[in-house]
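Dear colleague,

I am handing over the structure below, and I would ask you to keep it open while you read the notes that follow.

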Amino acid sequence: MCIRDRYRIKEKSNRDIIIKSFLSAYIQHNTSIELIDIQKYSIDLSNSRFKYNTYSTGVFAYTINGKGDPIGKIEEGINITQGIPLLFESETKAKAITMIDNYTNYGIEIINSTEKSKSIDNNYAYETLSKCKYKNEDYLLYSITVSNTNNSIYFVGTAKAENVNYIKEFERIAETIKIK
């Protein structure tokens, strides 16, 4: 078991609360975790070809009809990660750019990107659409980072270039993000 947390340096009282909670942690075997218990957002997948597939190491994966094994692969679908609150628009924008830059660590070459700020559910959001190459195939990466004072959500939709119609579907789904 690995447990970690963060607290702001100025909030020393939170340190004691975190340590106390760590010391009370235990493993309860034969118990399943419900997705809703760990998911700090909701999205509307009605009328979508993308369905929940799996959760692994902080990533919620949605694939076509919920099929396939998307973890650790570049595959058509949606990946959503959750993070700490980003309190300022500049932090949200910087996180979005960093996440896109991280794709180069996986051998993805970013050819070009368009970027814009917008609002989703009255929260600041930063959206990018990137044309990429991966293993000599052309891909499109649609991503949006949304944050409020409770949480941040990083949504990325991946499509082969010939499936450009998936981008509109990614945009429609991203517009339904509600942070809990």
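Which residue takes a positive phi in the hairpin of E5 and E6? In that hairpin, which has two residues between the strands, Asp-121 has a positive phi near 50 degrees. Please bear in mind that this is a predicted model, in which local features need pLDDT of at least 70 and side-chain atom pairs count only at pLDDT 80 or more, while totals for chains, interfaces and linings use all residues. Residues are numbered from 1 along each chain as its sequence is written, and side-chain values use heavy atoms, with hydrogens and water left out.

Strands (E, DSSP runs of at least two residues) and helices (H or I, at least four) are numbered from the N terminus. Strand E5 (residues 109-120) pairs with E6 in the antiparallel sense over eleven bridges, where pairing requires that DSSP finds at least two bridges between two strands. Within this pair, Asn-112 stands opposite Lys-131 of E6.

Asp-121 also forms a salt bridge (a side-chain nitrogen of Lys or Arg within 4 Å of a carboxyl oxygen of Asp or Glu) with Lys-178, the closest N and O atoms being 3.7 Å apart. Asp-121 lies in the loop between E5 and E6 and Lys-178 in strand E9, so the pair ties together parts that are 57 residues apart in sequence. Asp-121 is partly exposed at 37% relative accessibility, a term that covers values between buried (under 20% relative accessible area) and exposed (over 50%), with a 1.4 Å probe and protein chains only.

With kind regards
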